[in-house]
Amino acid sequence: MSAIPPALVADERALEGVLALTRPDRALFRYYLLTSLLLGPFFPILLVPLYFRYHTLHYRFDEEGVSMKWGILFRREISLTYARIQDIHLQSNIVERWLGLGRVQIQTASGSASAEMTIEGLHEYGLVRDFLYSRMRGASRRRGGGNAPGHSSRPGHMGVAVEAASFADDGALVAALEAVAVELAAVRGLLAGGESQQPAVAAKSPGDPVR
């Protein structure tokens with residue numbers, strides 16, 4: 001029995017780790033606490049909603065897409081399929097880097113300059129980005145047919161139709177060119193015949209009897 005390559009094992013474990021991701025890391029709450037302290041004595045005003053956001057924030061990765069939800073009184077949920085993802089960015093400020101955290105910002109074709117979804121509180125944010133990129137490319141290949149232009153996933157069907165169409169177009173072009181050549185030959189013959197008869201007609205004088 002052949003051994004499984006270590007790289008493949010690592011990829012499988014990384015995939016399982018991303019699919020099992022449902023909650024942000026605990027360091028995210030420390031990040032919320034440190035950023036709230038910047039308001040000085042008014043830090044509870046920001047900390048309270050961030051506290052509930054952290055404790056209600058959930059992620060879900062599956063075969064179709066990614067979703068996140070949070071909130072108690074005003075519950076929000078965002079779901080994106082991998083086919084809708086247009087671009088992915090990583091962002092990490094100095095406090096997040098100190099805590100080993102990062103954010104994955106997902107943009108779609110909605111036309112908005114801001115991210116459609118921001119997955120925050122991640123230690124393995126690079127791994128999540130790579131996972132989303134692979135799923136996004138896979139969805140694009142499935143949407144585009146997964147084949148190069150002019151080819152079909154069913155051999156002997158679409159390719160034959162394309163070739164037959166090209167042959168039909170070539171045959172029509174050849175027939176049209178042959179018709180044009182015949183017409184040009186006829187016109188050339190008429191012109192040559194007219195030139196050969198022109199001197200005999202010119203040699204007759206107006207008084208000559210008609211024979």
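The model is predicted: local features need pLDDT of at least 70, side-chain atom pairs count only at pLDDT 80 or more, and totals for chains, interfaces and linings use all residues. Residues are numbered from 1 along each chain as its sequence is written, and side-chain values use heavy atoms, with hydrogens and water left out.

Six aromatic pairs occur in the structure. Rings of Phe, Tyr and Trp (its six-membered ring) pair if their centres lie within 6.5 Å; planes under 30 degrees apart are stacked, over 60 edge-to-face, and the rest tilted. One of the pairs joins Tyr31 and Tyr32. This pair is tilted, with 6.2 Å centre to centre and 45 degrees between the planes. Tyr31 counts as buried because its relative accessibility is 10%. Tyr32 also counts as buried, at 4%.

Phe61 and Phe131 form an edge-to-face pair. Phe61 belongs to strand β1 (residues 58-61) and Phe131 to helix α5 (residues 125-143), so the pair ties together parts 70 residues apart in sequence. Helices (H or I, at least four residues) and strands (E, at least two) are DSSP runs, numbered from the N terminus.

One aromatic cluster is formed by Phe29, Tyr51, Phe52 and Tyr54. The charged end of Arg23 sits over the ring of Tyr54, 5.0 Å from its centre. Such a charge has NZ of Lys or CZ of Arg within 6 Å of the ring centre and within 35 degrees of the ring normal. The charged end of Arg53 sits over the ring of Trp70, at 4.9 Å from its centre.

Terms used:
Buried means under 20% relative accessible area, exposed over 50%, partly exposed in between (1.4 Å probe, protein chains only).
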